[in-house]
Amino acid sequence: MSQEKVDKYKKEKANREKLQKKEKRTLFLEKLAIGAVALVMVGWIGYSAYGVLTREDPDEEKEVVTTEMDTTAISDYLSGLAEETAE
């Protein structure tokens with residue numbers, strides 16, 4: 001081996017630990033990002049499926065609810081106010 005190759009090999013060997021740590025960190029961050037994207041996709045699909053399953057059927061007959069209210073007290077009050085302003 002020439003002296004250049006020997007020197008190059010020694011430099012690579014000296015920095016090998018730093019390079020390996022950097023590669024491990026990069027790989028971990030890539031896996032973390034992929035996991036986060038996958039988790040978001042699964043959550044979105046689940047939310048969409050839940051929305052489809054729980055929405056109301058437009059063809060289904062709906063029960064009509066009617067409410068009756070006695071408004072004579074309000075009518076008497078308003079007519080009393082009208083009489084007072086007319087005087």
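This is a predicted model: local features need pLDDT of at least 70, side-chain atom pairs count only at pLDDT 80 or more; totals for chains, interfaces and linings use all residues.

Trainee: How many positive and negative side chains does the protein chain have, and how far apart do the centres of the two sets lie?
Mentor: There are 14 positive and 18 negative ones, with the two centres 45 Å apart. Residues are numbered from 1 along each chain as its sequence is written, and side-chain values use heavy atoms, without hydrogens and water.

Trainee: OK, new topic. Which helices and strands are there?
Mentor: The protein chain has 3 helices and 0 strands; these are DSSP runs, H or I of at least four residues for helices and E of at least two for strands, numbered from the N terminus. The radius of gyration is 39 Å, well over the 12 Å that the globule rule gives for 87 residues, so the chain is more spread out than a compact globule. That radius is taken over C-alpha atoms, and the rule is 2.2 Å times the number of residues to the power 0.38.

Trainee: And what does the C-alpha trace span?
Mentor: About 120 × 45 × 15 Å along its principal axes.

Trainee: What share of the residues is buried?
Mentor: 0% of the 87 residues, where buried means under 20% relative accessible area with a 1.4 Å probe, protein chains only.

Trainee: Where does Glu60 lie?
Mentor: In the loop between helix H2 (16–54) and helix H3 (72–86).

Methods:
Buried means under 20% relative accessible area, exposed over 50%, partly exposed in between (1.4 Å probe, protein chains only). Lys and Arg count as positive and Asp and Glu as negative; His and the chain ends are not counted. The place of a charge is taken as NZ of Lys, CZ of Arg, CG of Asp or CD of Glu.
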